[in-house]
Amino acid sequence: ALGFAALYQNTTGSKNVAIGELAMDSNSEGDDNTALGFFSLYSNQANSGSIAVGYEAMYNADNRATGRITYNTAVGYQALRGSDIPANNFGQWNTAIGYQSMLNNTSGSGNTATGVSSLLANTTGSNNAVYGGNTLATNTTGQENAAYGNWAMELNETGNYNTANGSWALRSNTTGFYNSGFGHNALYTNLTGSYNTGVGDHAYPNSTSLSNWTGIG
C-alpha cells in the first residue's frame with residue numbers, strides 16, 4: 001500500500017496491491033485485488049480478483065460484506081466507475097479499457113469494452129463486445145451486441161443481437177435488433193428496424209424503420 005489512506009481499513013484481506021491516495025480505502029477482507037490510481041477500487045470491501053488502474057477506476061465497486069470473485073478489469077480514467085450506490089454495482093466478468101469506459105455500469109456482466117466512452121451509459125446490458133471510441137456509448141440495457149469501429153452503434157439504447165463492423169456502422173440504431181452492418185456507415189440510418197443486413201460503404205435504406213432489408217454494395 002502506497003499513498004494516503006491506501007488500504008486504510010484492511011483487516012484480513014491479503015495479496016492486495018494499492019497504490020494511490022485512498023486506493024482500496026474501504027477494503028477489509030477482499031483478496032487478490034490490484035488498485036492503481038487515486039480513489040481506485042475505493043468502495044470494495046470483501047470482493048476479490050478485481051484490477052482497477054486509473055483515476056476513480058472502479059471507484060464505486062460493489063461493497064458487499066460477503067465477498068466473491070468479480071473477474072472485473074478496469075483500465076482508464078473512471079473506467080467501470082459505477083453508480084453512486086455501490087451495492088448496485090454487482091456486475092461480473094467485465095473488461096473496460098479507456099477513458100470512462102463502462103462508466104455507469106451496475107449489474108451488466110460479461111461485457112468487453114475498449115475505447116474512449118465505450119459502453120459509457122451501460123447499466124444492465126450484458127455480453128456486449130465493443131472496440132472503438134464511442135462504440136455503444138448510449139447503450140443502457142441492450143445485450144449481446146458486437147460493434148467494431150469508432151462510433152459504431154453509438155446511439156443504441158435497448159437493441160439486442162446486432163453486429164456492426166466499421167466506423168459509424170449502425171450508428172443511429174436505438175431499439176432495432178438482429179441487424180448486421182459491415183462497412184463504413186453501413187446501416188447508418190436505421191433506428192428501429194430489425195433483421196436488416198447492409199454490406200458495403202453507406203449501404204442502408206432510406207427508411208429508418210424498415211425491416212428484413214438486405215443491401216450489398
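Two rings of Phe, Tyr or Trp count as an aromatic pair if their centres lie within 6.5 Å, and planes under 30 degrees apart make the pair stacked, whereas planes over 60 degrees apart make it edge-to-face. With that in hand, a search of the whole structure, which is a predicted model, turns up 15 aromatic pairs.

Tyrosine 55 counts as partly exposed because its relative accessibility is 34%. Tyrosine 77 is likewise partly exposed, since its relative accessible area is 34%.

Phenylalanine 177 and tyrosine 195 provide an edge-to-face example, with 5.6 Å from centre to centre and 80° between the planes. Here too the pair links distant parts of the chain, 18 residues apart. Phenylalanine 177 lies in the loop between strand E9 (163-165) and strand E10 (180-182), and tyrosine 195 lies in the loop between E10 and strand E11 (197-199). A relative accessibility of 33% is why phenylalanine 177 counts as partly exposed; for tyrosine 195, the value of 45% places the residue in the partly exposed class.

Rolling a probe the size of a water molecule over the atoms shows where empty space is left. For cavities of 30 Å³ or more, the search of the whole structure finds 1. The largest cavity has a volume of about 160 Å³. Its lining comprises 20 residues, and those nearest the centre are Ala61, Asp62, Asn72, Asn89 and Gly91. Sorted by class, the lining contains 12 polar, 5 nonpolar and 3 charged residues.

Glutamate 29 is partly exposed because its relative accessible area is 41%. Threonine 11 is 18 residues away from glutamate 29 in sequence, yet the C-alpha to C-alpha distance is 6.2 Å. Leaving aside residues up to four places away in sequence, glutamate 29 touches Thr11, Thr12, Gly13, Gln45, Ala46 and Ala65.

Definitions and conventions. Residues are numbered from 1 along each chain as its sequence is written. This is a predicted model: local features need pLDDT of at least 70, side-chain atom pairs count only at pLDDT 80 or more; totals for chains, interfaces and linings use all residues. Side-chain values use heavy atoms; hydrogens and water are left out. Rings of Phe, Tyr and Trp (its six-membered ring) pair if their centres lie within 6.5 Å; planes under 30 degrees apart count as stacked, over 60 as edge-to-face and the rest as tilted. Buried means under 20% relative accessible area, exposed over 50%, partly exposed in between (1.4 Å probe, protein chains only). Helices (H or I, at least four residues) and strands (E, at least two) are DSSP runs, numbered from the N terminus. On a 1 Å grid over the protein atoms alone, a cavity is a set of points where a 1.4 Å probe fits but cannot get out, and a pocket is an open set with protein on both sides within 12 Å along at least five of seven lines; lining residues have an atom within 4 Å of a point. Grid points are joined across faces, edges and corners, and a volume is the space filled by probe spheres set on the points. Ala, Val, Leu, Ile, Met, Phe, Trp, Tyr, Cys and Pro count as nonpolar, Asp, Glu, Lys and Arg as charged, and the others, Gly among them, as polar. Contact means heavy atoms within 4.5 Å.
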